[in-house]
Every structure is written in C-alpha cells, then in structure tokens.
Amino acid sequence: MHQSIAHISYFASNTDTKPEGAVVILVDESKLLTALQNVQLFNGGEVLVLNKENQILLSSLETNQQPVLTNQFASDDQGFFHETYNGQDSVFYYISSKKTNLKFVTIMPSALVWQKANNVRWITYISIVLSILGGSLLTFFFLKKNYNPIRQLILTFKSESNEQLNDGSNEFQFIQHMISNTVNEKEQANIRLKQQNHLLRSNFMNRLLKGRVDNQIPIEDALPAFEMHFDSDQFAVLLFYVEANELFFSSISGKSDHEKAKLLQFIVSNVVEDIMNAKHIGYMTEIDDMLACIINFRDTGQAGSLAELRQMTEEAQQFLKTKFQIDLTVSISNIHTSIVDLSIAYKESVDAMEYKLIMGRKEIISFHEIQSEALNEIPQGYYYPLQVEQQLINFLKIGEYDRAKETLDTIVDRNLKINQISLPLARCLMFDLVSTMVKALHEIGDTQEESSGGSLKEIEKLTACETMQDMHEQLTEMLKEVCSNNLAKRKSTLIQIRHQDLETLAQNIVSFIQENYHDADMNISMIGLRFEMKSTYLSKLFREQTGEGLLDYINKVRIMKAKELIENQNITLNEISSLVGFSDVNALIRIFKKYEGVTPGKYKEMYLK
C-alpha cells in the first residue's frame with residue numbers, strides 16, 4: 001500500500017460558521033520521496049517536509065531514523081541554526097511556504113558545508129587565476145596588435161622630423177606634439193600659399209594691364225587658377241593714387257611706416273572691391289606706385305555706364321576720406337568690349353592721371369571727359385610774356401610780396417582757369433616758372449644761402465611738384481620768404497648806410513668844432529645852420545653817435561685848449577678866454593670849474609707846483 005499526502009483547501013462561506021466545501025489533493029508519497037532523495041544526493045544532507053506545527057510529514061530518512069526536532073524554528077519564513085545531529089555539528093536550513101503552510105528543512109553536517117565552501121573557494125581561485133592568465137594573454141595579443149600602428153606612426157614621425165623620442169618618454173604626448181606641429185605647418189603652408197597666390201595674381205593682373213600676357217596659355221584658362229572670373233565682355237580700369245596721408249599715419253600707433261603703408265593699401269583695396277562688387281566685379285592690384293582696379297560689368301542686358309562707374313568711385317573716395325582720412329586721386333578709363341583691350345584701358349587711365357598736373361589732387365579724372373575737351377579748340381601757347389617775367393623778378397628783388405603774388409596768381413589763372421592749356425603746355429609753364437625763380441635768385445645772389453627760401457633745396461621742391469596747384473602753393477611760399485628776406489636785407493642795408501652817414505656827420509661836426517672853437521659866436525644854432533639841420537635834431541643825432549651832448553662837447557674842447565694855454569704860455573685869463581671862444585673871463589672861470597672842479601687860477605698854481 002502506498003501512502004499519500006493530502007492537501008485540503010476549503011471554500012469559505014458567506015457566514016463564518018463553517019465552510020461550504022473543500023478540495024482534497026492526494027500526492028503520492030513515493031514520488032515525493034524520490035524527489036527528496038535526489039536533493040539529498042546533490043547536497044549530501046537530509047531533507048524534511050514539516051507542517052505548520054513542525055511535525056514531519058515527509059522525510060528522506062527511513063521512518064525509524066526520524067530525528068527529534070527542537071523548537072528552534074523561528075516564526076520567520078526562512079533561516080538557519082546550528083545543532084548537533086547524529087553526533088555531528090550540523091546546520092539546519094529551513095524555508096516556509098506562504099500558500100501551503102509547509103516548511104522545508106535541510107540538515108547538513110557543518111564539515112560538509114565547509115568542504116563545499118572550500119571547493120567553491122578553490123574553484124573561485126582557479127577561475128581567477130585562469131581569468132588573469134587568459135586576460136593577460138588577450139591583453140598582450142591586442143596590445144601588440146594595436147601598438148604596431150602606433151609604432152609605425154612614431155617611426156614615421158622620427159624619420160620625417162628632427163625631433164627624437166627619448167627612452168621612457170610618453171609616446172602619446174610625442175604623437176600629440178607631432179600632430180600639433182603638423183597642423184601648424186599645414187596652416188603656415190596654407191598662409192604662404194595664399195600669399196603666393198596673391199602675388200601671382202597681382203603679377204598676372206600687372207601683365208594683363210600692360211599687355212604682356214603669355215600667349216601660350218589662354219586668358220580664360222588662366223583666370224580660374226587665380227580665383228578670378230568675368231561675367232561679361234565689358235571692361236574698364238580705375239587708377240587710385242594715394243596722396244600724402246599724415247592724418248591716417250598719425251592715427252596708427254605701434255607700427256612702422258612700412259606696415260602703415262601696407263595697412264593703408266589693404267584698406268583701400270578692400271573698400272573699393274566691396275563697393276564695386278556690390279553691382280559689378282572688381283579686382284584690385286598694386287601697379288607702378290598706384291592701385292589699379294579692373295572692372296568687369298555684370299551681364300544684365302544693359303551696357304556699362306561711365307556715369308555709374310563715376311558714382312561708385314565717388315562713393316569709395318568719400319567713404320575712405322570720411323572713415324579713414326585717406327585722400328585719393330582717381331582716374332577712369334573708357335569702357336572696352338574685350339579683355340584684350342585692358343592694356344588700352346590702363347593706358348587711358350594713366351594718361352588721365354597725368355592731368356592731375358592741371359586739375360589738382362583729390363579729383364576724379366575721366367579719360368572720356370579729357371578726350372572730349374581735346375576735340376575742342378585748345379590754345380597753342382600759354383600766357384607768360386617776357387615783360388611779366390621781368391616784373392616778377394623785379395618784385396622779388398625789391399621784396400614786394402603782394403605785387404609778386406598778384407603777378408603769379410594772374411599767370412596761373414589765365415593759363416588754367418580762363419584759357420585752360422593742354423598737359424604738355426602746362427609742363428612747359430612749370431619749367432618756365434622754375435627757371436624764373438632760378439634767374440631771380442641768381443640775380444639776388446641767394447642760391448648758396450641755406451637760410452633763404454630760395455635755396456637750392458627749395459628749387460628741388462619746385463621741380464618735384466606733381467600738380468600746378470602744388471607748384472602754385474610752393475611758389476607762393478617761396479615768393480613770401482624770398483621777398484621777406486630781401487626786404488629785411490634792404491632794411492639792414494639802409495640802416496647800415498644811415499649809420500655810416502651819421503658817423504660821417506658826427507666826425508664832420510667834431511672837425512668843425514676843433515677848427516672853430518675860438519669863435520665866440522659858435523654854438524648849437526650856428527652848427528645847425530652850417531650843416532643845414534635843426535639844432536635840436538642835430539644835437540640828438542650827435543648824442544646818439546658819441547654818447548654826449550653837442551654843447552658839452554664844445555665846452556670840453558674849449559676847456560682842453562684853455563688848459564693847454566695855461567700850461568704852456570704865461571698869459572692872463574682874459575686873453576685865454578678870448579682865445580678859446582668865451583665871451584668873458586667869468587664864463588671861462590664858471591665853465592672851467594664845472595668840468596675840472598677847480599678855477600683856472602687854482603689849476604695854474606697846482607700845475608706850477
């Protein structure tokens with residue numbers, strides 16, 4: 001007969017009296033024992049199934065071997081405790097089922113538990129050692145596999161550079177350093193390439209403007225190499241001459257004059273290109289101490305307009321003047337319908353720029369306007385007759401600045417404003433004016449005086465003038481300085497002559513007094529009549545030249561002669577007073593005592609002693 005375990009579940013009723021029914025499940029005990037014995041074989045311990053009163057329902061032991069259980073099972077759902085079982089220290093593990101109120105207990109000897117723990121520990125140790133060995137092998141393999149590219153990279157850097165990697169150095173820092181150097185070198189190479197490209201493009205544009213293009217390479221094929229493109233077949237050339245720009249240079253600090261000039265050129269080029277590219281296509285380049293801009297009109301279906309080009313040029317000129325204090329003189333060529341004609345357009349701009357000599361600085365000069373004026377009647381000569389030249393020289397000689405300036409202004413106005421002369425005649429007039437200044441300075445004898453406005457350095461400034469306006473201003477300054485110097489010289493000469501005349505007059509007066517001191521009628525009025533001058537003015541001039549009054553000098557001469565007579569002759573004072581020009585002896589005594597401090601008689605006693 002087989003034993004079974006019954007599991008009964010009751011159906012609860014609506015009242016709390018007794019259940020309405022129950023479900024009974026019978027489990028074959030032999031099958032459960034087989035499962036428990038399998039667990040026993042696995043863990044080497046005993047397995048028990050208890051009810052909620054801790055009574056043994058099922059055991060893997062024989063029935064006569066059922067253990068006596070203690071009350072150490074706690075109310076917890078699971079846990080363990082130690083207790084002696086079959087003479088061995090054993091561990092009781094238990095766990096409760098919340099649904100069936102059954103408790104499952106495993107009894108294992110402590111020695112068996114520690115044996116299994118030791119087995120697990122050794123297995124763990126062996127697993128760790130195997131993992132370390134396997135990991136080391138894999139690490140070595142992957143390190144070797146992945147380090148080869150790094151090693152090849154380091155060898156490449158070493159072979160391509162002079163830098164060496166020392167033993168023990170950080171290879172990744174070395175690679176980072178070399179990559180950084182490579183990037184910097186690439187940037188520097190790009191910068192140099194751009195600079196070279198700029199120079200090459202500038203050279204290409206210079207050759208294009210001067211008609212020296214290489215015929216072996218078509219222009220259309222060369223343009224992309226210099227990052228240039230044209231949209232139509234209408235071209236014009238602008239020339240920009242940068243005037244002296246002290247205001248711009250003074251506003252820039254911390255840079256040399258060369259750097260300031262480069263900055264100025266950079267600003268002008270960028271401003272002009274931006275304004276031109278707003279409507280058309282413009283490329284700037286430096287050529288013959290000027291800046292040239294090649295204008296290509298966009299293909300809008302309408303012909304390019306010189307009026308529009310002039311308007312954009314005025315905009316650029318005004319912007320640079322207002323924002324940067326940069327003054328420009330600009331010339332504009334005609335519009336041409338072929339890229340090959342750029343050399344003709346450039347020559348037209350150069351010819352127009354030469355008219356700066358007549359029109360002055362800071363202007364916009366159009367070749368078309370000059371060409372139109374050339375078709376009209378132009379004077380065959382210029383106004384500068386010989387008599388006007390001689391008048392100008394004479395005014396310079398005598399220092400008449402106002403009249404000299406008036407003459408110069410008349411010459412300039414009649415040739416440039418009333419009857420505008422041609423460019424060749426304007427050059428001739430400039431040379432004539434320089435020649436006039438050289439003649440005048442030579443006649444004045446002033447060419448070797450460095451302090452004079454007419455020095456050779458000033459003449460050199462005249463010949464270096466680029467416009468008639470500059471020469472007019474320079475000549476005006478020169479006239480003013482030369483006339484001022486000549487006027488000062490004249491005044492100095494007059495003063496010297498007057499001084500000499502006054503010295504001669506004083507000597508003549510002295511001689512007259514020396515010769516006529518014995519005349520009792522000789523006085524200041526008599527001397528004034530003799531020299532045809534007022535007595536007071538004559539006395540003033542005499543005092544200025546000799547430092548003493550005229551009457552004092554007359555009295556001193558007479559006293560000096562009286563002393564000679566007292567010393568050399570045995571005559572009376574009455575006779576002496578008559579001989580030296582005194583009217584009576586009392587006058588002699590009074591004047592003698594005034595100048596000598598003693599009377600004539602006392603003086604004679606002193607002399608005889």
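Q: Where is T476 placed in the secondary structure?
A: Helices (H or I, at least four residues) and strands (E, at least two) are DSSP runs, numbered from the N terminus. T476 sits in helix 15. The model is predicted: local features need pLDDT of at least 70, side-chain atom pairs count only at pLDDT 80 or more, and totals for chains, interfaces and linings use all residues. Residues are numbered from 1 along each chain as its sequence is written, and side-chain values use heavy atoms, with hydrogens and water left out.

Q: Is T476 buried or exposed?
A: Buried means under 20% relative accessible area, exposed means over 50%, and partly exposed lies in between (1.4 Å probe, protein chains only). T476 has a relative accessible area of 14%, so it is buried.

Q: Which residues does T476 touch?
A: Contact means heavy atoms within 4.5 Å. Leave out residues up to four places away in sequence, and T476 touches Y401, K405 and L408.

Q: How many helices and strands does the chain have?
A: The chain has 21 helices and 12 strands. Of its 609 residues, 35% are buried. Take the contacts with a separation of 6 or more: 58% of them join residues 24 or more positions apart.

Q: How are two packed helices described?
A: Two numbers are used: the angle between the axes and the distance between the axes. Axes are lines fitted to C-alpha atoms, for helices over the stretch in contact, and angles run from 0 to 180 degrees between N-to-C directions. Take helix 15 (residues 468–516) and helix 18 (residues 550–568): their axes come within 10 Å and cross at roughly 40 degrees.

Q: Which residues make the contact of helix 15 with helix 18?
A: Helix 15 supplies I509, V510, I513 and Q514. Helix 18 supplies L550, Y553, I554, V557 and K561. For classes, Ala, Val, Leu, Ile, Met, Phe, Trp, Tyr, Cys and Pro count as nonpolar, Asp, Glu, Lys and Arg as charged, and the others, Gly among them, as polar. This contact has 7 nonpolar, 1 polar and 1 charged residues.

Q: How does helix 18 pack with helix 20?
A: Their axes are 10 Å apart, at an angle of about 100 degrees; helix 20 covers residues 585–596. Helix 18 is therefore roughly perpendicular to helix 20. From helix 18, D552, N555, K556, I559, A562, K563 and I566 meet L588, I591, F592, Y595 and E596 of helix 20. By class, that contact has 7 nonpolar, 1 polar and 4 charged residues.

Q: What is the phi of E227?
A: E227 has a positive phi of about 55 degrees, although it is not a glycine. E227 lies in the loop between helix 4 (219–222) and strand 8 (235–242). At 60% relative accessibility, E227 is exposed.

Q: Where does D288 lie?
A: D288 is in the loop between strand 9 (281–287) and strand 10 (290–296). Its phi is positive, near 50 degrees, in a residue other than glycine. D288 is partly exposed, at 45% relative accessibility.

Methods. Parallel < 35°, antiparallel > 145°, perpendicular 65-115°, else oblique.
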